Structures are given as structure tokens and as C-alpha cells.
Amino acid sequence: MANIREQIATTALHVTRFRELLKRMREYRPQDDLEIVRKAYEFSQKCHSGQTRASGEPYLAHPLEVALVLAEMKMDPVSIAAGLLHDCVEDTSTTIVDIRKEFGEQVAHIVEGVTKISQIDFASREEQQAENLRKMMLAMVDDIRVVLIKLADRLHNMRTLEHLNPERQNKIAKETLEIYAPIAHRLGMGKIRGELEDLGFRYLDPDTYRQVQEAVSARRKQGEAFLARVQQFLRDKLKEAGITARMESRIKRLYSIHKKLVKQRITVDQVYDLYAMRVITHSVQDCYAVLGIVHNLWRPVPGRIKDFIAMPRPNFYQSLHTSVITEDGTPFEIQIRTEEMHKIAEEGIAAHWKYKDGPVSAQDEQRLAWLRQVVEWQRDVSDPNEFLSTLKVDLYPEEVYTFTPRGKVVVLPRESTPIDFAYTVHTDVGHTCVGAKVNGRMVPLRHKLHSGDIVEIITQPGHKPSRDWLSVVKSTRARNKIKHWLNIHQRERAIEIGRKLIEKEARKYHVSLKDIKEEDVQRVASDYGLGRSEDLMAGIGYGKYSARQVIGRLAPGVNEPAASEERDGTFTSVVRRVFGGDNNAIRVKGHGDLLVYRARCCNPIRGESIVGYVTRGKGVAVHAVTCPNVVNLMYEPERRIEVEWARDEDTPSSYPVKLTVFCDDRFGMLKQITGVIGDSKSNIRNIEAKTGNGQASVDVVLEINDLKHLELLLGGIKKIPGVHDVQRLQKI
């Protein structure tokens, strides 16, 4: 009886929420026929009958809440219907054919796209992860509604994440922060992005989340009272000036605060925009008038005035930002924008998108231009790690606004150089760039550009890109164009070197290359898993394959290496060694005679994902996959080689790792940090502390057994009250 009453109550709740959905839609789309939405609700109810979520509630609650999020975005009936049906194909016996028959091609197409994205596992190995992200990008270009529904789906899943086990929570939260929140940001959807980030932060790093939350909560009451006073004061001044405006105030989101604390090494009290107020006016003219009034009332903070109205961000965000300080020394931020700008800042592409009634605007098309660019350049990127890293840069750009001598605005990533500028103008301008003038003055090509710089590129016909440029460029376009050029020309050089090495080795063992048939070379190339004989020559030229081994295979019986020698790599001419005291810690798959050493730029430790890079004359350098140098080095896929950690008994017991702990400067802090290190059974090689302005940084070099040992130690240090962040330094 109790179950029946519970079912009736739940059904009544669903009906109430559905009526609320229809009410919202009638408010913003009064002329639309909502019959397709009603039909989709009934169909979804039937499909998910008897299914429950991890929380125990009927499954229908999820698609209903997703539809309500879409209604907040003011989406059209087709999108809302697709939102109600988005899990039917994935989680029930319903097929796309059934959806198409009942609701038509448009709804079926969107549901199919959402289903494909839902099946993507972003936590898979790099190759699969890169391919999955490519699929998502293609789906977004095909129909942006697919990703808008997926964002709504992810938002509701994050709101109810507490019902899953910790492992699933961690996986979904990481995926949200790395994939979905950046996509929401790039689409200009500030409201959804902010909530996704805070929810992801809460589950991914609960201890730090709690610390930031407590610090903000301790200041919330005082902050709200402060904002109320300031708001009333400014409202009176605007009224005197005859400016009509409405105001909003807020305390900065927790994840944004956390990122700022980590990046700038500051305390919560030093965050200029912890408290913020928005002034929403009727015109652009009023926006600038309000800015003048604000600067007359309070002292502006130098360098904190940003005009995103004159120069919008790439996601079309527009607003005036200024940080000011009151008479009592309290800093706060004011954002000034029109109603239209505010709508775009909150809703992004959902505020102005191509499926609304009326013609497609040029601005709507521009909003998706970056997506099309991503799809274009990803075709030239063969390395999955490179694709993932450059995509993350592209999703979260921090811009500088520069100008050509004729006044055209060129938007570049922060810390870009004249080389980035040159490639943005044209590929040939980039390739032939030999110098630059910034604001009329000659600068080196490594010079970092700043907003407002006027840049003039000096070119020289016949000039060629340098590999060194990869270490200074910041834009995806420049990096890919340079790599593409280097790939072609470096490969030609490697093939030439490979042929010369083969000829030299053949002369040494009195083998006539004229007697070796092309099909034999092709056969040996196939043995190495290569498609063409040129690939084999390039591999020899890069040092990836031994010319002696290849000759032994091409001319059997002539000084051919013994099979056991080749397998175990015990050539007398080469002594296997590993730099840095690793002994035989790392092995190259399929190649026993190559020298191996841990790269000093990242010092990988056992358990980390690693990749090998064939150097010229030094053997194989082994980097952590996360090493910042990997992307620059791996522009030549032929020089990448698979490596693996050897068995435990063959390896040393510990690796030196350097950590920096950023924390409060208080009595007993160092004792607590060393106590956690001691409890984790780590030996301290060296420790050094620096203090200032109530903050401290502690550098400590430890002996760590493996990645799990390191993660356990980091988790323990982060739990110490007053610890803001712990970073592993690559170089020791």
C-alpha cells in the first residue's frame, strides 16, 4: 500500500514538473505548437517505465529535468522533445527507426547524435580519447543542438552525482572539468559552465573544495552586506545622472577562486573580484557613462580595466570590466553590459542560434567558426597526445588583442609571439618570417605580445621555419603549420641519412645493394610493421632501427645477428644502460639494443604513462606523457617509440621527486608537512622553506617508490589545514 502511495506521489510530481515545462515554453515561445513536446513526454514515460536511477527515483525524472534545463536556455520544441527522448535509444529497446517514425527526421537525428556522444568513454587511452573528441567536434558542427542537450544532460547528472560510488564520481567529475565545462565556456554559456566547474571541483578535490568553501562562507555575510551598501550607493548616483540600469551582485564561484589562488599564489583576501557587481544598462553609450561614474566614485586598480565591448572575446562575450577599491580598502569588480550582452554572457550560443525563427545571422555563423577550424586542423594531427593538448588550449583560450599596421584586430592566445601573429595572417607569411616590429620597434621573434600592440611582420623569400619555433609559439594554427612543414622536410632528410647508413653498413660487410631486390626491402619493412620501404629508411635515419640489423635481414647469412641476441639486445657493440640510476627500469618494446634514459625535463616515475623519443646519438629519451615537452618533440611520429616499465624486481626502489607546498605561514606547519611525509615512509633528501606576507612555500626533494606512493603523499599533504596547493616540479 505504501509503495502504491509512493508511486502516485511520484507520478503527480512528474506531471507537475511537466506542466511547469510547458508553462515556461509558452512564456518564451507563445506561437509554437507544443504537441511534439507532449507526445515526447508520453513516449519517454512509456520507454522508461519500471526503470530507476541510482538514487532510487523513477528514471523519467532525469529526461524531465534535462528538458527543464533546455527550457531555461529557451530552446525550440524540437530540441525539448529530443531532450525528453535522449536516453530512449541508449537505455531501452527503442530504436532510432522508432524515433524517426514517431517524431520525424530532425528529432531522430539529434537523438542519434546525443546517443553517440553518450557512448564515448573520455577516460580511455589517449588514442581512443582523441578519436572520441573528434567525433564530438564533428557532432557539434553537424548540429549544435546535439551538444546543448548533452550539456543539459551532464548538468543534471552532476547535480545528482552523490548517489554514485566514489570511483564513478571521480571519473565523471574529471570528464566534466576537462571536456564539458570548457566546451560550455567556448560556446559562451557562462551560467552552465560555472555550475559544471563548481560541481566537478566538489567531487574531484573535496578537501580543497571544502577549504575554499569555508573561507568564502566566513566572508559571505560581510560581503553580502558590503555589496548591498555599494549597490544602493551606485544606484543613487546613476539616478542622479539620469541613467536607467538594473543591478546584480555575486560572490565569485568557488572553482574560479581556487584557480586564482593556485595561479597567483594568493589568499582569498587578496582576490580582487571576490565580490562583484553587474550593472545592466539599455545601451552601449550608457555602459561607458557608467564606467566614468564608477571611476569617479572609487579608485580603479591599474591594469584591471578590460573593454570586451570594443574587442569581444572569441566566444562573443561582451562587457566592461573594472576592479576598484573603496575608501576602506575593500576591492571589488564591476561588470557593465547591456541586456543583450548579459543574455549572451549567460546563455552563449543558446541566446542567438541558427534554429530560432528568422534568417541566420553572420554572428551566429561566426560562433561556430572555431569548431570548423578545430575539425579542419585535427585532420593534419596524427598524434593523439598532441590533438588532446592542443584542443584543451583551444577550448580555454586566454586572449591578447593585437593589431596589424592597418588596424585589423588579430586575436591570439596569451604570451603569443610575432611568429603566432605571422601564421595568423597567412601560412606563407609565417614560413618566411625573419623579424618583427612591435609598436614601431624591432623585437626578437621570441618577444611576447601584449594587448594593444601594433605588429608588423618582416619576411624574406626562401626563408624556412625553424624547429626552435615550436618552443615559443602558443597558437594551435602556428604550431600545426610549423610541424607540418618540418614533418615533410625532416622526413626527406631522414630517408637520405637512412640510405647512406645502409650503404655504409653494406660496404662494411661486403654486401652489394644492387643484388637486393625492392621486394626484399619491402618485406623487411613489413616485418617492422611499416607500409613502405621509405618508412624503413626514415626509421634508420632517425636512429629508430639499426642499419646492421636491417642488412642482416636483407642478406641472410652475412654477419646476421643471432636471434637470441636480437631478442635480448645483447650486442657486443652496444652496452645497454640507463641514465639517472635507473638500471633496467624502462624497456623499449621490440628493441633490445637501444640506449634508454629518463628525460630530465620531467623525470617520470614508475606507474606514470610514458613515451619514448628517439634522439640523435643519445638513445631513447623517456618522457612522461604529461610532460610539456612531449607535444613539441612528437611532431615527427617516426621518432616516437613504445616503452614500458620493467618488472618490479629489476628496478630501483625509489625515484627522487621535488614538490613545492604552498601554504599559510603559521607555527607548526613544517612539522605537520614532515609528519605526513614520514608517515608515508618517504625519505627526505632536501627541504627548504620561504616565507613572506603570511604565506610560505616549502620545496622538498623526496624518495618516491611509484605513482601510487606519490598520489597518497600528495593527498595527505593537501588535507593539512592551511595548505593551498602542492605541485610536483619536473626538474630536480
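Mentor: Start with one term. Two residues are in contact when heavy atoms lie within 4.5 Å. The model is predicted.

Trainee: What covers the buried residues of α14?

Mentor: The cover includes helix α12 (206-240) and the strands β2 (275-281), β5 (320-325) and β6 (331-338).

Trainee: Which residues of α14 are buried?

Mentor: Asp 286, Cys 287, Val 290, Leu 291, Ile 293, Val 294 and Leu 297. Buried means under 20% relative accessible area, so each of these falls below that cut-off.

Trainee: How do you know what span to expect for α14?

Mentor: Count its residues. Helix α14 runs over residues 284-297 and has 14 of them. The rule is 1.5 Å times one less than that number. That gives an expected 20 Å, and the helix reaches 20 Å from its first C-alpha to its last.

Trainee: Now helices α22 and α23. What makes up their contact?

Mentor: First, the geometry. The axes of α22 (residues 518-527) and α23 (residues 533-542) come within 8 Å and cross at roughly 65 degrees. The contact uses Glu 518, Val 521, Gln 522, Val 524 and Ala 525 of α22. From α23 come Ser 533, Leu 536 and Met 537.

Trainee: How many of these are nonpolar, polar and charged?

Mentor: Five are nonpolar, two polar and one charged. Glu counts as charged, so Glu 518 is the charged one.

Trainee: Why is the crossing of α22 and α23 called left-handed?

Mentor: In a left-handed crossing the near helix is turned anticlockwise from the far one by less than a right angle. The passing of α22 and α23 is of that kind.

Trainee: Which hand does the crossing of α2 and α6 have?

Mentor: The crossing of α2 and α6 is right-handed. The axes of α2 (residues 35-47) and α6 (residues 96-103) come within 11 Å and cross at roughly 145 degrees.

Trainee: What residues make the contact of α2 with α6?

Mentor: Ile 36, Lys 39, Ala 40 and Phe 43 of α2, with Ile 99, Glu 102 and Phe 103 of α6. Five are nonpolar, none polar and two charged.

Key
Residues are numbered from 1 along each chain as its sequence is written. This is a predicted model: local features need pLDDT of at least 70, side-chain atom pairs count only at pLDDT 80 or more; totals for chains, interfaces and linings use all residues. Side-chain values use heavy atoms; hydrogens and water are left out. Axes are lines fitted to C-alpha atoms, for helices over the stretch in contact, and angles run from 0 to 180 degrees between N-to-C directions. Helices (H or I, at least four residues) and strands (E, at least two) are DSSP runs, numbered from the N terminus. Buried means under 20% relative accessible area, exposed over 50%, partly exposed in between (1.4 Å probe, protein chains only).
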